[in-house]
Amino acid sequence: MKLIQKITFIIIFLSLNVNAFGAVSGYVDSKGVTQRLAHGITFKPDGTKMFVVGKTQNKIFEFDLSTAFDISTATISSNEYDHGSEDDDATDIKFNSDGTKLFLAGAGDEEINEYNLSTAYDVSTSVHQNTYFNGDGLEFVAIAFNTNGTKLFIYDQTGADSIKQYSLGSPFDLSNAVLQKQYNGTSSKTLAKINGQPQGFAFSADGTKMYITGKSTDKIKEFTLSTPFDLSNVTLESGGYDLSDEIDEPSGIAFSDDGSKLFVLDSKNNTANRDVSEYDLTCGFGVINCIDPTANKDDVASIESQSEASKKLIQHTTYPVLNRMEWLRRNSGRINLTNQNIKFQFKNEMLNTLSDSLIPLYFSNDNSNELTSGNLGWSFWSEGTISIGTSGDTSNSSSKDLSSSAITLGADKKGADDIMRGIALRFGSDDVDVGDLGSALDMNSFSLTFYESRPKGEDRFIDHLMGLSFINSDLINNSGSASTNGERYGEQLFGSLSLRDTLTNNKFNFTPKLKINYGLTHYGAYTEAGAEGINLKFQEQYVGNFITSLGSSIDNTFDLNMGTIIPFFDFEYYADMSPSSKQKFSYTSDGSSYILEDINNSTHNLNSSIGFDFISNNGLTLMTKYTRDQAKNNKNDNFIIAFDYKNSSRSLYSMSIQDTSAKLSHDRELNNFNINIDSHYDLFKKDPDYGLFVKISNIN
């Protein structure tokens with residue numbers, strides 16, 4: 001009997017404390033909003049303006065807030081708009097993304113009216129444009145758009161209530177709205193019964209949460225969407241947040257841009273000048289439960305992109321060095337081993353300086369080093385790379401668009417022991433765009449690599465390299481109307497071992513290859529800034545890398561009257577056997593912690609390349625190469641094309657094409673001065689970037 005009493009007490013205690021597990025930290029303040037039967041509320045994205053509509057008065061009221069999203073500082077503006085001639089009894093108000101369009105849902109004529117604003121977010125400049133859904137029989141409670149305005153949601157109170165999801169052909173264009181799906185409630189309860197007499201309706205900024213206020217229950221109900229802004233799979237969270245201590249009849253609902261504040265209107269019909277109440281949330285948009293970042297596809301993709309970028313960095317750092325050693329073998333009998341593959345124009349000014357100045361002025365000097373035993377001279381080389389790729393979305397993470405550009409500068413020489421030894425510096429920039437909301441990773445890296453090529457017979461070699469990279473990443477996590485940013489530093493140790501054996505006949509050279517890449521990356525801890533309610537704190541992370549590959553290369557040498565051409569084809573299969581990594585992180589606002597585990601890359605990849613070297617008798621060198629790295633859910637494309645021309649030891653012409661930009665350079669020594677002329681032109685832009693630069697420097 002005592003056990004039954006205890007159980008009963010616990011059930012009663014929990015039922016009386018439904019907010020115990022909620023994320024609302026407390027009521028802050030209330031403010032009169034002039035409007036009778038206040039029903040719809042929205043804010044300017046920066047929180048400096050608040051707009052309220054309702055029934056009976058037929059006006060849009062505008063308020064100025066001297067402190068963003070602090071309603072105690074709100075004062076009514078002289079800007080207002082009377083919409084009585086279009087529709088009475090307004091239930092909700094929404095703007096497009098830049099505040100130049102306004103949408104008003106009306107219960108009187110059961111329609112949505114669209115207005116153009118000549119001054120953004122100034123309702124007094126509203127001009128009526130169009131009317132939509134008139135005659136469709138919808139009873140409008142509230143409306144909402146997704147972040148980019150390609151979806152419209154309507155809470156329809158017809159019958160047992162439903163939330164309707166429409167696709168829009170163009171952002172915020174309701175002229176061709178197409179009904180996609182609707183949410184009617186759970187299997188046991190209709191939407192109307194879940195929260196009696198719904199009055200307000202809203203989404204979180206990232207579209208993974210949905211909220212409804214109930215007039216008869218005085219509660220906010222929270223729903224979780226498995227796919228942002230998609231009603232296909234909706235889960236009702238248990239409980240609800242009780243508003244009865246501050247509000248008589250809850251109606252319109254809105255959030256601050258970062259979700260740290262909640263605002264709810266009171267529509268009590270027998271009192272003028274109803275209130276809007278302000279609440280603080282312990283975590284962004286967490287009315288009942290905090291948003292789980294591990295269930296957010298963009299958040300997961302952003303974390304994954306850092307792990308993937310560290311592995312790509314090892315590949316992109318080792319490839320130029322391995323390419324150099326293979327190029328040396330293909331051209332082992334040639335007297336000039338200085339190889340300038342490509343020169344770049346980067347967004348990063350430091351890389352521009354290295355690419356445009358250091359390489360042409362220092363590494364382009366003529367050389368007469370042969371790859372023969374006992375030659376102790378140094379050979380200088382450079383290689384630029386561009387990589388563009390995509391990683392498709394999965395059930396857990398969003399798609400990613402990847403691009404990287406880098407310049408590698410190297411020098412090597414062959415010792416008396418027939419071992420080629422060298423050193424290479426790489427300056428790289430990797431950009432990853434995540435999802436559709438603007439999340440991104442911008443990673444800059446500096447790598448130092450030591451390498452050697454040991455002969456094990458006439459055509460058999462062991463190539464080995466080891467190196468160290470320093471990483472600096474800028475991260476943007478955009479959840480829609482709010483975004484966070486952070487800066488993260490890291491270090492990486494890496495190595496690669498390659499075994500090659502060339503088989504030769506009269507027609508071609510066949511080179512089977514076995515390669516192992518290995519490494520360890522350490523990312524330091526960092527804390528996001530920019531949006532108080534959704535800022536995350538990340539602990540340090542270790543990412544291991546172990547990739548084995550098996551492939552082959554086929555090339556042949558053709559001697560022509562004008563020079564030599566060496567076409568080649570590479571094919572490689574590699575398996576990623578890296579250990580999975582994990583990332584621990586938490587909300588800075590309330591300390592709620594999460595772990596994303598089993599972070600890994602594709603386990604099977606195919607890499608193929610095709611290209612050729614052309615060395616003319618008059619000093620012109622052409623090198624071109626295209627590479628495709630293909631896996632199940634992602635791919636990367638690399639393309640290089642470059643021209644070098646040396647008509648003497650004091651003059652160099654070069655032309656390169658990368659991405660959509662073409663570049664022509666000329667360097668010449670004249671009377672102890674170096675004259676450098678550079679021009680660039682974008683080939684495909686409607687309004688192309690172009691320029692001409694002249695630089696004169698003293699050689700001494």
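Author: Cys 283 and Cys 290 form a disulfide, with 1.9 Å between their sulfur atoms. This is a predicted model, in which local features need pLDDT of at least 70 and side-chain atom pairs count only at pLDDT 80 or more, whereas totals for chains, interfaces and linings use all residues. Residues are numbered from 1 along each chain as its sequence is written, and side-chain values use heavy atoms, with hydrogens and water left out.

In general, a disulfide is a covalent bond between the sulfur atoms of two cysteines. Here the term denotes a pair of cysteine sulfur atoms within 2.5 Å, and by this rule the count is one disulfide. The torsion about the S-S bond of Cys 283 and Cys 290 is about -100 degrees, so the disulfide is left-handed. Cys 283 counts as buried because its relative accessibility is 0%; buried means under 20% relative accessible area, exposed over 50%, and partly exposed in between, with a 1.4 Å probe and protein chains only. Cys 290 is also buried, at a relative accessible area of 18%.

As for the sheet, four strands form an open sheet in the order S6-S7-S8-S9, with antiparallel pairing. Strands are DSSP runs (E, at least two residues) numbered from the N terminus, and two of them pair if DSSP finds at least two bridges between them. Strand S6 (90–95) and strand S9 (126–132) are the edge strands, each pairing on one side only. Strand S8 (residues 111–117) pairs with S9 in the antiparallel sense over six bridges; Asn 113 has Thr 131 in S9 as its bridge partner.
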